[in-house]
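Please read them alongside the coordinates.

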Amino acid sequence: MRILFVSGELTGSALCQKLIAEGNEVKLFILRPAWKDCYTGLAEKTDDWEKELSWVGREGLIVFDDVAFGMKQDELRHNGFTVVGSSQGGDILEHDRAYFQEVLASYGIPNLNSYKFDTTEEAIRFVEHHPDRWVVKQTSHMSALNFVSSSKTGEDTLRVLRQYKKRGITPVHLQKYVEGIEVGVA
């Protein structure tokens with residue numbers, strides 16, 4: 001089968017490798033410049049995945065392993081292509097954690113208290129007034145800097161938030177730390 005694998009930063013690299021190992025014809029597009037050299041010699045690569053649509057055709061499969069392609073994925077599905085991956089709605093859920101929490105709650109799925117702050121300064125003030133263990137995540141995917149606190153005083157969380165502030169990372173999402181295993185919903 002012909003498979004066009006469209007990736008932001010190869011988060012689905014194991015799947016891509018499995019599809020190749022199973023004997024599929026795979027063409028790989030990697031969006032992020034820092035990852036473009038990955039899989040050189042392991043997969044046929046393309047610099048323009050949209051030019052490969054006629055190659056993969058409607059009989060093939062297009063796999064997206066990252067957010068930010070949702071609108072295009074919806075368009076491809078509408079045009080008869082077989083697409084594995086998210087959608088425009090899925091991108092919104094991924095980029096707006098507070099909205100996603102609201103959607104889960106509307107279906108009766110319990111989730112942790114979480115707080116969205118438009119600025120890092122707001123998040124810093126919040127933690128100063130509510131010292132505890134926090135999980136810090138940026139909402140906008142500007143950075144891979146996420147953090148799980150170990151201090152009940154919140155001092156380590158404040159250090160991370162001050163680094164966010166220096167780097168201009170906003171908005172910020174805080175969740176109360178709970179002992180356990182985090183599960184992603186896809």
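1. The side chains of Lys27 and Glu52 meet in a salt bridge, with an N to O distance of 2.9 Å; the term is used here for a side-chain nitrogen of Lys or Arg within 4 Å of a carboxyl oxygen of Asp or Glu. Lys27 belongs to strand S2 (residues 25-30) and Glu52 to the loop between strand S3 (44-45) and helix H2 (53-56), so the pair ties together parts that are 25 residues apart in sequence. Helices (H or I, at least four residues) and strands (E, at least two) are DSSP runs, numbered from the N terminus.

2. This is a predicted model, in which local features need pLDDT of at least 70 and side-chain atom pairs count only at pLDDT 80 or more, while totals for chains, interfaces and linings use all residues. Residues are numbered from 1 along each chain as its sequence is written, and side-chain values use heavy atoms, with hydrogens and water left out.

3. Both Lys27 and Glu52 are buried, where buried means under 20% relative accessible area, exposed over 50%, and partly exposed in between (1.4 Å probe, protein chains only). Lys27 and Glu52 are also linked with Glu44 in a network of salt bridges. By the rule given above, the count comes to 11 salt bridges.

4. Lys176 and Asp132 form a salt bridge whose closest N and O atoms are 2.8 Å apart. This pair links distant parts of the chain, since Lys176 is in strand S9 (residues 172-176) and Asp132 in the loop between H6 and strand S7 (134-138), 44 residues apart. Lys176 counts as partly exposed at 33% relative accessibility, and Asp132 likewise counts as partly exposed, at 24%.

5. Within helix H3 (residues 70-78), Glu75 and Lys72 lie three residues apart, about one turn of the helix, and they form a salt bridge with the closest N and O atoms 3.2 Å apart. Glu75 is partly exposed at 40% relative accessibility, and Lys72 is partly exposed at 23%.

6. How do helices H6 and H7 cross? The axes of H6 (residues 120-129) and H7 (residues 155-167) come within 9 Å and cross at roughly 170°, the axes being lines fitted to C-alpha atoms over the stretch in contact, with angles running from 0 to 180 degrees between N-to-C directions. The two helices are therefore roughly antiparallel to each other, a term for angles over 145 degrees.

Conventions:
Angles under 35 degrees count as roughly parallel, over 145 as roughly antiparallel, 65 to 115 as roughly perpendicular and the rest as oblique.
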